[in-house]
Amino acid sequence: MSFSCPSGTARARLTVDLAALAANWRLLAGLAAPAATGAAVKADGYGLGQGPVAQALWQAGCRDFFVATLDEAMALRDTLAAARIHLLNGILPGDIDACLALDVQPVLNDTQQLALWRQHGRGQPCDVMADTGINRLGLPPEAISADLLEGLMIDVLMSHLACADEPAHPLNRQQLARFSALAAAVPAARRSLANSAGVLLGRDYAFDLVRPGLGLYGGNPVPGAPSPVLPVATISAQVIQLRPIEPGATIGYGATWRAQRPSRIATLAVGYADGYLTRFSNCGHVALGGVLCPVVGRVSMDLITVDVTAAPGVKLGDWAIILGGPLALEASAALAGLNQYELLTSLGDRFDRRYEGGQ
Ligand SMILES: *Cc1c(COP(=O)(O)O)cnc(C)c1O
C-alpha cells in the first residue's frame with residue numbers, strides 16, 4: 001500500500017518570485033550590455049531550486065548557465081536541452097564521457113585538464129579559467145599562451161574577482177589589468193570576468209559575458225550599499241502552538257531565555273534543519289500579524305519559539321514570515337553573522353516550495 005501526503009500539509013513554505021528573478025536578470029543584463037549575461041545556478045540555484053530558476057532565466061533570455069558539479073550539469077541538461085552549460089569545477093578523467101554526452105563545457109583549470117580535453121574532448125568547446133588574484137582555481141596568467149591552448153576550441157576565457165563586493169578594493173583594478181592583458185594575448189571566442197558585484201563595478205569589467213548569481217536571487221551584491229535588485233525568496237512558517245508563560249520561566253534547550261514578565265510564546269514549524277540556523281537563537285525576528293516578534297530561546301531542529309506578547313491577535317495556524325518582506329536577506333544574514341550566500345544555500349528541502357510569477 002502506498003500513501004502520499006495530501007498537499008497543503010507542510011507547515012513551512014519557501015516562496016520564490018520568478019518574476020522578480022527575471023527582473024533582476026534583466027536589470028543586470030541592461031547594465032552589462034552589450035556583453036551577454038549568463039547565470040550561476042550552482043548549489044541548486046542558490047538553494048531556490050535549480051529547475052524552476054533555470055527555466056525562468058531561460059525565458060528571460062539567459063543562454064549561458066554556470067554550475068559547479070557534474071550532477072548539477074546533468075540535472076540542468078534535463079531542464080534545458082539547448083542551454084550552454086559551463087562546469088566551473090573542471091574535470092577529472094572519469095568525467096569526460098558525461099561532459100560529451102551531455103554537451104557540457106568544462107572550465108579547464110590546470111594544464112592536466114587542458115591536456116585531457118585536447119586528447120579526449122573531440123574538438124568540443126571548453127572554457128579556460130585564469131587565476132588573476134583569487135588564488136583558488138585556475139591557471140596563472142603567465143602560464144597561459146596561444147601555444148598552450150593550441151588544438152582546443154576555447155569558448156570563454158574567464159577569471160574570477162576576489163573583492164568585487166568591496167568596490168574600492170585595489171585588487172579589483174589589478175585583476176582587471178591582468179585579465180585585460182591576458183585577453184588581448186590569448187585567442188578565445190569570448191571573455192568573462194564579472195560576477196554580480198563585478199557587473200556593478202562598471203562596463204570595463206563586463207567584457208563579452210557576465211556571470212551573476214547572488215544578485216539574481218535577491219542578494220545585495222554590495223552589502224551596505226542600496227540594493228539594486230528585488231527580493232526573490234520568502235520563507236514562512238505556521239504557528240503550531242501558543243502558550244502563556246510566567247515571569248521567570250525559561251524557554252528551549254539550555255534555558256537560554258528567561259521571561260521578565262508574563263509572556264505569550266508561539267512555537268513555529270521551522271528550525272535549523274530547514275536552514276534557520278542556531279545563529280538566530282535569541283537574535284532573529286519573525287513578522288506575525290504585522291509585528292516583528294523576537295526569536296526567544298535556542299533554535300531547535302524543527303521548531304523555533306517567538307515572543308508574541310506584543311501581537312495579541314496571533315492565533316494557531318497563522319503564518320509568520322521568517323525571511324523576506326520586512327526581514328531582508330541582507331539584514332537577516334548580517335544579524336546572524338552569515339553571508340547572504342550561506343543563508344540561501346542552507347535552506348533545507350522540507351519546505352513546501354511555491355513558485356510564483358513564472359510564465
Ligand atoms: C559563483 C560564481 C559566480 C557567481 O557569483 P555571484 O557572486 O553569486 O554573482 C561567478 N563566477 C564564478 C566562477 C563563480 O564561482
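Biologist: At what angle do helix α3 and helix α4 pack?
Modeller: About 55°, with the axes of α3 (residues 50–60) and α4 (residues 70–79) 10 Å apart. Axes are lines fitted to C-alpha atoms, for helices over the stretch in contact, and angles run from 0 to 180 degrees between N-to-C directions. Helices (H or I, at least four residues) and strands (E, at least two) are DSSP runs, numbered from the N terminus.

Biologist: So what do we call α3 and α4 relative to each other?
Modeller: Oblique, therefore: angles under 35 degrees are roughly parallel, over 145 roughly antiparallel, 65 to 115 roughly perpendicular, and the rest oblique.

Biologist: Which residues make the contact?
Modeller: Gln-50, Gly-51, Ala-54 and Gln-55 from α3, and Glu-72, Ala-75, Leu-76 and Thr-79 from α4. Contact means heavy atoms within 4.5 Å.

Biologist: What is this model based on?
Modeller: It is predicted, so local features need pLDDT of at least 70 and side-chain atom pairs 80 or more, while totals for chains, interfaces and linings use all residues. Numbering starts from 1 along each chain as its sequence is written, and side-chain values use heavy atoms, without hydrogens or water.

Biologist: New topic. Which residues does the cis peptide bond join?
Modeller: Ala-33 and Pro-34, with omega about 10°.

Biologist: Where does Pro-34 lie?
Modeller: Pro-34 is in the loop that runs between α1 (18–32) and β2 (36–37).

Biologist: And what is phi of Tyr-46?
Modeller: Near 50°, which is positive, and Tyr-46 is a residue other than glycine. Tyr-46 belongs to helix α2 (residues 42–46).
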